[in-house]
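Thanks, everyone, for making the time.

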Amino acid sequence: AAARGVVRSYNRQIRNCYERQLKQNYTLQGNMRVLVRVGSNGRVTGTRVSGSLRSPPVFACVRNLASGWSFPNPSGGCAVVSVPFDFSPRGE
């Protein structure tokens, strides 16, 4: 739950990735799932973005952001965090 909260704290940055592409394609909408692998030190060791949004530039932007995120040290070594997002031109 704490790790999901960390991802949600970056919601504005993630939304900015979407809004930049929305200016190019005003009908862009869909969902996206951000999967982040967190190492024992709380640093991101891997990211994956998927979903129906079908926007490689948004996915690349979010992967780039996620690679620099910091999490609390997970108990038991490593952790995987998966957080969904929905995007539409009128807001989330």
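In this predicted model, three strands form an open sheet in the order β2-β1-β3, and their pairing is antiparallel. Because β2 and β3 each have a single partner strand, they stand at the edges, and one side of each is left without a neighbour in the sheet. If we ignore direction, neighbouring strands are turned by 15° against each other on average. Between β1 and β3 the antiparallel pairing runs over nine bridges, and in one of these, methionine 32 has phenylalanine 85 of β3 as its bridge partner.

Now, what packs on this sheet? The helix α3 does, touching β1 and β2, and its direction makes about 160° with that of β2. The buried residues of α3 are Val58, Phe59, Cys61, Val62 and Ala66, and they lie on the same side of the helix because they cover an arc of only 160° around its axis. These buried residues pack against α2, β1 and β2, whereas Pro56 and Asn64, on the other side of α3, are exposed.

That brings me to the largest nonpolar core, which has 25 residues, and in which Met32, Val36, Val62, Trp69, Phe71 and Phe85 touch the most other members. Two or more residues come from each of α1, α2, β1, β2, α3 and β3, and α3 gives the most, with five residues. As general background, nonpolar side chains in soluble globular proteins tend to be buried together.

Definitions and conventions: Residues numbered from 1 in each chain as written. Predicted model: local features only at pLDDT ≥ 70, side-chain atom pairs only at ≥ 80, totals over all residues. Heavy atoms only, no water. Core = buried A, V, L, I, M, F, W, Y, C linked by side-chain atoms within 4.5 Å. Buried < 20%, exposed > 50% of the residue type's maximum accessible area, 1.4 Å probe, protein only. Helix = DSSP H or I, 4+ residues; strand = E, 2+ residues; numbered from the N terminus. Pairing = 2+ DSSP bridges. Axes fitted to C-alpha atoms, helices over the stretch in contact; angles between N-to-C directions. Contact = heavy atoms within 4.5 Å. Arc of directions from axis to C-beta.
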